[in-house]
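Here is a short briefing for a first look. Start with the sequence and the 3D view.

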Amino acid sequence: MQVRSLPVLQNWDCHSCGDCCRSYAVPATADERRRIEGQGWESLPEFAGVPFFVKRRGEFYLNHRADGGCVFLGADNLCRIHGKFGSAAKPLACRIYPFLLVPAGDHWNLGLRLACPSATENKGRALGAQLGDAREYAAYFESTAAKGVLEGAAPPPLAGSQFVPWSDVARIATAFSEMLANDADPFERRWRKILFIVAMLKKATFEGGGDAKKAVTGGKLSEMLHVLGLAADDDEPKTATEVKRPGWSGRTVFRQLVAVFSRKDHGVEKGAAQRGPVRRFASAVKFAVGSGRVPKVHAVITDAATFAGGEVPLGALSDNAVSLLARWHRLKVESLQFCGAPNFGLSVWEGLESLALTFPAAMWLARVLVAGGKAPDAAVTQAVRMVDDNFGFNPLLGSARQKFALRLLANRGDLPRLIAWYGR
Ligand code: SF4
């Protein structure tokens, strides 16, 4: 299958910061373990008595040293396996990060995880220039998948059992990506308008009851999206201050979701509040109550971070911050990472709602980081990295409980209110 890079402008190259080598538990397959064990590392004194892999819950992972770095991370922040034997000698998970390959019918969409600082900062070559590497990874996935599983796979449903072809899912993604790029609106309003359209489309049927002439597809769907875009522009308040404040229960549910989006469970940035079940439970209770200090679910959360700080508006965002937020969300929308298998099987509409929620989550976190002493732009960048690290990857976000919480916020109309409230 072809690999397509996205129209949204996103650059990336690895700048060898070593963050991923200190942050993640990297799985290694039996073949990868055999290959690494055959590379002769045990003859070096620094590997004496140091296992290359650790086993957890039946899976093998690359081992880490006491300083948190991968056992193969050199003092120069470079991978020693890569340095001595080339990129292909590393585990696939190391090679592919921070790329994402999202199956989209007859091709793959190339996405990116903004948890990598070079991706957040848009540093390096355009993604389109990296298709050669991406094709190699795609070919690997195709060779290991059962025949026919990827190509010809059904698109994610719009909702329930309502399906449209892949081309229409892409049409919806393109329309919303264009709305996210619309500088005429403040960023928070771009999302409120999208959610207005999603709420309308949730009530619609697209198949035409088996009559092809009545089906809303292709150009008809584009027309419908255009008309709803105009209605959203008429209907949605122009400024965040005109939107009703989210209720107490909405903000309580929201904080519990933010607790998941903010946390770091592995590596050197693992939060102190994540160490052990008792601390994790106490931290969950504090997020539900929402007063006093914010539990340190991530190492960047300091003593000065308070829940009261999370309610203080950041004020107008800089052009840089808005451009980062728009690039982040357009990348997730255009690559289709927001729905289907890459986002815990969520339908298109719920996937969009879950992505919309990452905006107030990142803004809440940025406010808390500003209260802890960070400059606003640096706080927004850090918050985007933290939230994107969890989006689509933290299994808690795929749990029935968190999906129910998301549904609750969406069905009660709290999502646009949270977006306006934390987007101020
Ligand atoms: S976090 Fe990104 S820039 Fe840093 S080493 Fe990993 S891939 Fe490279």
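Which residues are around the ligand? They are Cys14, His15, Ser16, Cys17, Gly18, Asp19, Cys20, Tyr97, Pro98, Cys116, Pro117 and Ser118. Keep in mind that this is a predicted model.

**The ligand shell**
- Two helices each supply at least two residues of the shell around the ligand: helix H1 (19–23) and helix H5 (117–120).
- Sorted by class, this shell has seven nonpolar residues, four polar residues and one charged residue.

**The nonpolar core**
- The largest nonpolar core has 111 residues.
- Ala356, Leu365 and Ala383 have the most contacts inside this core.
- Helix H13 (residues 348–371) gives the core its largest share, 17 residues.
- Domain 1 (2–144) and domain 2 (154–424) both give residues to this core, so the core lies between them.
- Leu365 touches Val258, Ser262, Ala383, Met386 and Val387, leaving aside residues up to four places away in sequence.

**The overall fold**
- The protein has 16 helices and seven strands.
- Its radius of gyration is 22 Å, close to the 22 Å that the globule rule gives for 424 residues, so the protein is as compact as a globular protein of that length.
- The C-alpha trace spans about 70 × 55 × 35 Å along its principal axes.
- Of the 424 residues, 41% count as buried.
- Among contacts between residues at least 6 apart in sequence, 73% join residues at least 24 apart.

How values were computed
Residues numbered from 1 in each chain as written. Predicted model: local features only at pLDDT ≥ 70, side-chain atom pairs only at ≥ 80, totals over all residues. Near = placed C-beta within 6 Å. Helix = DSSP H or I, 4+ residues; strand = E, 2+ residues; numbered from the N terminus. Nonpolar A, V, L, I, M, F, W, Y, C, P; charged D, E, K, R; others polar. Core = buried A, V, L, I, M, F, W, Y, C linked by C-beta atoms within 7 Å. Buried ≥ 20, exposed ≤ 12 C-beta atoms within 10 Å, placed from the backbone. Domains from an automatic or database assignment. Contact = placed C-beta atoms within 7 Å. Rg over C-alpha atoms; globule rule 2.2 N^0.38 Å.
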